[in-house]
Amino acid sequence: MEQFINNLPFLIEDSLTGLMTGGIYALIGVGIVLVFRATQVFNFAHGAIVMFGAYFYYSINLGIDALGLGSWAVYFIALPLTLVIASIFGMALERLLMRPMLGGSNLFAMIMITIGLISVLDGAAALIWKTDARYPPELAPLNITQIGGIFINTQMVWSFGIALAVFAVIVFLFQKSRAGVAMRATATDQSTAYAMGINVPRVFASAWVVAAATGALAGVLLAPVNSLTPGLSTIGLAVIAVVILGGVDSVIGVFVAGLIVGWLEAITNHYLGGEAKELVPYVVVLAIILIRPYGLFGTTDIDRV
């Protein structure tokens, strides 16, 4: 008992870190969910899009440094420009790779395109930026704050707050805005959506744009902490577990699942070490597929991909 009490502050610290990491997972996962809701395509390449967004941010900051601009430029130039470029990147992927397949029974082919895109983007990143670890500027100071004997990473707190705010905006727009209604209508029945005058191709493009922008933001939040290499794209594997756990068509579910997976990873790392932590997402995937294939909040009539 005494050992547990002595270990309790470390357990709380790891739990908080896991929950905050889970918030970033949810921010990444919502992009996968939005694309799936709109197009019925599970985008396996989303982790690579996150990585590319982080590299956009890194490259823009190199230009800012060369011009000798102050730290204010990170927030008012680098970050907005990164989100714009990432949005254009997502739109280009949808237009060039997904749009030609629209209207046919090519769902499996579209999924295979996203799988192939992983290798293409990983190889392109290694070719353009090399494989050395990069550390782009952080959006919040990398400080450690002590509260009641518990040490908290300030940067992770800010990252979680930003992810939570963006996620809340997306949920609100998805539920209340005309674009959100159009996306939900398209997800329910594309033919009926067409008949009601909804521009379905525009809905598809919008989903990819939002997914790329939120993925880039997640990459910006993660890269200063985890370092930036082409290997950052592997975070998509952990997030796939999050999406499957929450339900591939549930926006709320991906947030809850992100917190669960993040916390489970932290607790596993606390008790069993880093190697066991890497297995947690895959164990979660196997368990949820066997017990509840449609996830915690997913609908029961979704297609398996």
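Biologist: Why is Gln40 called partly exposed?

Modeller: The relative accessibility of Gln40 is 25%. Buried requires under 20% and exposed over 50%, so the value of 25% falls in between and Gln40 counts as partly exposed. Please bear in mind that this is a predicted model. Gln40 lies in the loop between H1 and helix H2 (46–67).

Biologist: What makes the phi of Gln40 worth a remark?

Modeller: Its phi is near 65°, a positive value in a residue other than glycine. Most residues other than glycine have a negative phi. Ser227, in the loop between H8 and H9, also has a positive phi, near 75°.

Biologist: Is Ser227 buried or exposed, and how do you know?

Modeller: Ser227 has a relative accessible area of 14%. The limit for buried is under 20%, so Ser227 is buried.

Biologist: Why is Thr131 called exposed?

Modeller: Thr131 has a relative accessibility of 57%. Exposed means over 50%, and therefore Thr131 counts as exposed. Thr131 is placed in the loop between H4 and S1. Not counting residues up to four places away in sequence, Thr131 touches Ala126, Thr229 and Pro230.

Biologist: What makes Thr214 buried?

Modeller: The relative accessible area of Thr214 is 6%, which is under 20%, so the label buried applies. Thr214 has its place in helix H8 (residues 200–226). Beyond residues up to four places away in sequence, Thr214 touches Leu27, Val30, Gly31, Val166 and Ile170.

Biologist: How do you know that the side chain of Thr214 makes a polar contact with the backbone oxygen of Val210?

Modeller: The side chain of Thr214 reaches that oxygen at 2.9 Å, and the backbone oxygen of Ala211 at 3.1 Å. The limit is within 3.5 Å, so each distance qualifies.

Biologist: Is Ser250 buried or exposed, and on what value does the label rest?

Modeller: Ser250 has a relative accessible area of 9%. That value is under 20%, so Ser250 is buried. Ser250 lies in the loop between helix H9 (235–246) and helix H10 (251–272). A polar atom of the Ser250 side chain lies 2.8 Å from the backbone nitrogen of Gly253. Leaving aside neighbours within four places in sequence, Ser250 is in contact with Val33, Phe297 and Gly298.

Biologist: Why are the buried residues of helix H6 (residues 178–188) said to be on the same side?

Modeller: The buried residues are Gly180, Ala182, Met183, Thr186 and Ala187. They cover an arc of only 160° around the axis, which puts them on the same side of H6. The face turned away from that buried side carries the exposed residues Arg178 and Thr188.

Biologist: Which residues have the most contacts inside the largest nonpolar core?

Modeller: They are Ile28, Phe167, Val243 and Val251, in a core of 58 residues. The largest share of this core, 11 residues, comes from helix H1 (residues 2–39). A second, separate core has 29 residues, including Val35, Ile49, Tyr58 and Ala125. As for Val251, leaving aside neighbours within four places in sequence, this residue is in contact with Val30, Val33, Leu34, Phe167, Val171 and Phe174.

Biologist: What is the volume of the largest pocket, and which residues are closest to its centre?

Modeller: The volume is about 600 Å³. Of the 26 residues that line the largest pocket, the closest to its centre are Thr21, Tyr25, Asn226, Glu265 and Lys277. Two or more lining residues come from each of H1, H8, H9, H10 and helix H12 (280–291). H1 gives the most to this lining, with 6 residues.

Notes. Residues are numbered from 1 along each chain as its sequence is written. This is a predicted model: local features need pLDDT of at least 70, side-chain atom pairs count only at pLDDT 80 or more; totals for chains, interfaces and linings use all residues. Side-chain values use heavy atoms; hydrogens and water are left out. A nonpolar core is a set of buried Ala, Val, Leu, Ile, Met, Phe, Trp, Tyr and Cys residues joined through side-chain atoms within 4.5 Å. Buried means under 20% relative accessible area, exposed over 50%, partly exposed in between (1.4 Å probe, protein chains only). Helices (H or I, at least four residues) and strands (E, at least two) are DSSP runs, numbered from the N terminus. Contact means heavy atoms within 4.5 Å. A polar contact is a pair of N or O atoms within 3.5 Å; within protein, one must be able to donate a hydrogen and the other to accept it, and residues adjacent in sequence count only if both atoms are side-chain atoms. The arc is that of the directions from the helix axis to the C-beta atoms. On a 1 Å grid over the protein atoms alone, a cavity is a set of points where a 1.4 Å probe fits but cannot get out, and a pocket is an open set with protein on both sides within 12 Å along at least five of seven lines; lining residues have an atom within 4 Å of a point. Grid points are joined across faces, edges and corners, and a volume is the space filled by probe spheres set on the points.
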